[in-house]
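Work through the exercises below with the sequence and the model open.

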Amino acid sequence: MSGASSGVKGPAVAGAAAGVVGDVLLETRHLKRYFRLDRKRQVHAVDDVCLTIRTNEILGLVGESGSGKSTFGKTLLGLHDKTAGEVLYRGEVLPGRYRSTDFQRFARTMQMIFQDPYSSLNPRMTAGEIIAEGLRLHSATKPQAIREEVSRWLIQVGLSPDHASRYPHEFSGGQRQRIGIARAMIVRPEFVVCDEPISALDVSVQAQVINLLSELKREFGLTLLFIAHDLSMVRYVSDRMAVMYLGALAEIGPSDDVFFRPMHPYTQMLVASNPEPDPVIERQRDAEPIHGEIPSPVNVGPGCRFAGRCPQVMDQCRHTTPELLPVRDLTSNVTRQVACHLYG
Amino acid sequence: MRQKHDHDQDYALTVDNLKVEFDTYGGTVHAVRDVSFGLRRGKTLAIVGESGCGKSVTVQALMGLIPMPPGRITRGSAKLRSAASEATELIGLRERELNRIRGNRIGMIFQDPMTSLNPTMRIGDQIVETLRVHRGMSIREGFREAERLLDRVRISEARERARQYPFEFSGGMLQRVMIAVALACSPEVLIADEPTTALDVTIQAQILDLMQALQREEGMSIILITHDLGVVARMADDVAVMYAGQIVESGSAEAIFHRGGHPYTLGLRRATPSNDPENRQRLEPIEGSPPDLFHPPVGCGYFARCPHAMQVCEGRMPDPFELHHAADTADDVLHSARCWLQHDQAPRTEGVNQNGAGRGAS
C-alpha cells in the first residue's frame, strides 16, 4: 500500500514526526464536576479524575455517551466551573470558576473545537468574522493585520481567502469544521480540546479533518485532547488513550497497548464491540455477548461503576471504589494505569 | 447482488433500473440514477455510501415512502418475491395495497428510534396498534403478543416495560422496541436504515447481535443501510457501494473489502483506520466532494475525485464490468464494478485492476 509507514511502534500519524513528548503541560487532581438536579440528586458527570497531559502529546479520551468526556473537556477550559479538585496548567492552579478576565487570559493558550459544525458557528456571521473573533477579542492586532491573518488561516486549513465573506450555510460539513479549526487556531493556542471533531462527518471527510489536525499539530507543536467515541480512530490518532466510564477513568495508557491488550473489563468490552472493517476478521470473532447499558450518573454510590455490567465482578467491587493504579503490561513492558480490583 | 447462476426464486427482492427525482425550487435533483440490485433470500445486503448518495431514497422508494410530489419515480421496477406466490411489483402500488405490504411483508427500522415512536403513547399501546391493524388482534391478544415480542428482542420485565413511555427507555432499548414492532408480522424483508448510527458502540454491538440472531430464527432477508464499514463487515453477506445516486460496485463482502475494483470503494477503505497492529499507515482522504445531483455528470460520478481518472470517464459511465478472481470460485455472488479501469484495454493500475486483484494484498 502506498504511504505505508510499516510497523513503526508508537504514534503513527503526525505524532511520530511531531517532536518529542515533553513535560507535563496540564494536570487534573481529583477533578469533579457535578450538576445539581434538585436538593437530593446530583449528576456525577466528572468524578475524581486525575490525569496528566504532556506537551506535544495527543491524548485520546474515549467513552460512551454520558460518560462525562465532553464535560471533562469543557471543565479543563473553564467552560464549566469545577465542583472540586484542581486543574494545573504549566504548574499553575487554574481558577475553580472563571471570571471574564480569566477567559481573557487563558483563551489564547487553550482552545476548543466542537463536534457539530452546524450549531457551533453563528449563522449570522461570515466565516471571516467567525475566524477573526478570537484575535479581535484577545489581542491588540490591527484590523488590517487581522484580515491578513484570517486569509492566511483560511489557506492553512484548506479553504481560500474568498471564503471569508461567505456565511456558514454556504459550506459543507467538512468545510465548516475547517472554519471551526481556523477559529481555534488563529490565536495560536498551545492546547486544544477537540470534542468529537469528526463524528458528524462522512468517512472520506473525516480523514481530511484528521490529517489537517495532524499537520497543524506538527507545525505548531500543539498538545491535543482528542475526545471521541470511535475507538479505531482514537487509537489511530492518539499517543495515549484514556477510557472513561460514568465520570471516572477506567484505564489510561499508550494507545496501542490499551487497544490491543485492554486490561480493564470495560475497555475489553469496548474493544470487543468495536467492529473491524474486515469481514474475514469479523467472521472469526468470538460471539461474546455484551450485557447492559451505562447506568444513570445520578448520585453514584461507592464501589466500581462498572460492577453492574462486569463479567468478572467480585464482592469487593460492589462496595469499594477501585483506585487508578499502575499496572505493567508484560508484552510492551510499559506501565499504564487501571482502576480495577482485578489488578489490585 | 446478482448470483452467477441467476434464479428469480433465490431473491427476496429485486430492483431494476430504479430512478428517483425530486423537483425543488432550485431544479430537479436526480437522487437515484438507475439502480439495480437483488437481495438474496435469507441474506444481508449492505448498501454503503456517504450522505446524499441516494441510499435512503432507494429504500424509501421501495416502501412507497417518497412524498410525491416533489418526488418522482421516473423509471424502474422493484419486485418482492416470495417462495410460494408470484412476485409483487412495488413501484406504482396504490396506498391501500402498499399498506398491506408495509409492516406485513417488509418491516423497517430507522436511525432515530426516538422520533419514530409517539412520545405520548405507552410503548405497549404502540405495539398493540400495529398488531391490531396488521394482524386483526383484539386488545387483550395484542398485549399478550406485545409482551412476547418485547421478550424476543431481549427486553427484560416486558410486562412492566410495556406500560412505560418512550422517554423512559434508552436509545438502545427504543431501537429494540422498533425491531419488535418491525417483527410483529414476521416480515420476509427487513429494511434497516442506519439502525445503530445514533447508538454507542457497546449498544450497537448488542443491536447487531440481536438482528443476526433474529435473522437466523426467522430466515429474514435484510437490507442494511449504513456508512460504517465496520458495521458492514460485521453484518453483510453482500455489499452494494453507492456513489452519486448509482451503485458503483457490488459483490460479496469479502470481494468488496479485499478485492475492491472501483477507486471509490478503495478510497473509502483507505480513509478508514485499520485495526492492524503492524500497520498504521496514514489515512488517505478522498479529496473534494460528491457532484451536484442537480446536474449529475454525464460520465462517471467519481471522475472529479478519482486519482486514476481517464478521458473516457468524463464522457461516459460504463456498464458494470464483471470481475473474476480465483478466490471467488466458491463464491456464488457476482462481483461487478462500474469503472473503465476494469475494461480489457484499460491501463494496468496498481491496486485497482493489476492482476485483477484489488487491495487484498495489503
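**Exercise 1: a residue in a helix**

Ile131(A) lies in helix α4 (residues 127–138) of chain A. The model is predicted: local features need pLDDT of at least 70, side-chain atom pairs count only at pLDDT 80 or more, and totals for chains, interfaces and linings use all residues. Residues are numbered from 1 along each chain as its sequence is written, while chains are lettered from A and ligands numbered from 1 in the order in which they are written. Helices (H or I, at least four residues) and strands (E, at least two) are DSSP runs, numbered from the N terminus.

Task: decide whether Ile131(A) is buried or exposed, and list the residues that Ile131(A) touches.

Solution. 
- Step 1. Take the rule: a residue is buried if 20 or more other C-beta atoms lie within 10 Å of its own, exposed if 12 or fewer, and partly exposed in between, with C-beta atoms placed from the backbone.
- Step 2. Apply the rule: Ile131(A) has 31 other C-beta atoms within 10 Å, so Ile131(A) is buried.
- Step 3. For touching, two residues are in contact if their C-beta atoms, placed from the backbone, lie within 7 Å.
- Step 4. Leaving out residues up to four places away in sequence, Ile131(A) touches Val150(A), Trp153(A), Ile179(A), Ala182(A), Arg183(A) and Ile186(A).

**Exercise 2: an enclosed helix**

Task: find out how many of the 8 residues of helix α2 (residues 69–76) of chain A are buried.

Solution. 
- Step 1. The buried residues of α2(A) are Lys69(A), Ser70(A), Thr71(A), Phe72(A), Gly73(A), Thr75(A) and Leu76(A).
- Step 2. That is 7 of the 8 residues, so α2(A) is largely enclosed by the rest of the structure.
- Step 3. After α2(A) comes Gly78(A), with a positive phi near 80°.

**Exercise 3: a sheet of chain A**

Task: work out the strand order of the open sheet of 4 strands in chain A.

Solution. 
- Step 1. Two strands pair if DSSP finds at least two bridges between them.
- Step 2. β1(A) and β2(A) are antiparallel and share 9 bridges; Tyr34(A) stands opposite His44(A) in β2(A).
- Step 3. Strand β1 (residues 24–36) of chain A also pairs with strand β4 (residues 84–89) of chain A, antiparallel, over 5 bridges. Here Glu27(A) has Leu88(A) in β4(A) as its bridge partner.
- Step 4. β4(A) and strand β5 (residues 92–93) of chain A run antiparallel and are joined by 2 bridges. The bridge partner of Leu88(A) in β5(A) is Val93(A).
- Step 5. The order is β2-β1-β4-β5 (chain A), with antiparallel pairing. The edge strands, each pairing on one side only, are β2 (42–54) and β5 of chain A.
- Step 6. The hairpin of β4(A) and β5(A) has 2 residues between the strands, and Arg90(A) there takes a positive phi near 50°.

**Exercise 4: two domains of chain A**

Task: describe how domain 1 of chain A and domain 2 of chain A are in contact.

Solution. 
- Step 1. The domain assignment, which is automatic or from a database, gives chain A domain 1 (14–109 + 189–344) and domain 2 (125–186).
- Step 2. Their C-alpha centres lie 30 Å apart.
- Step 3. 13 residues of domain 1 of chain A are in contact with 11 residues of domain 2 of chain A.
- Step 4. On the side of domain 1 of chain A that touches domain 2 of chain A, the largest share, 5 residues, comes from α7(A).
- Step 5. The residues of this side of domain 1 of chain A divide into 10 nonpolar, 2 polar and 1 charged. Ala, Val, Leu, Ile, Met, Phe, Trp, Tyr, Cys and Pro count as nonpolar, Asp, Glu, Lys and Arg as charged, and the others, Gly among them, as polar.

**Exercise 5: where the chains meet**

Task: state which element gives the largest share of the side of chain A that touches chain B.

Solution. 
- Step 1. 39 residues of chain A are in contact with 40 residues of chain B.
- Step 2. The elements of chain A that give two or more residues to this side are α7 (203–220), α8 (231–237), α9 (255–260), α10 (265–273) and α11 (279–284).
- Step 3. The largest share, 7 residues, comes from α7(A).
- Step 4. The residues of the side of chain A that touches chain B divide into 19 nonpolar, 13 polar and 7 charged.
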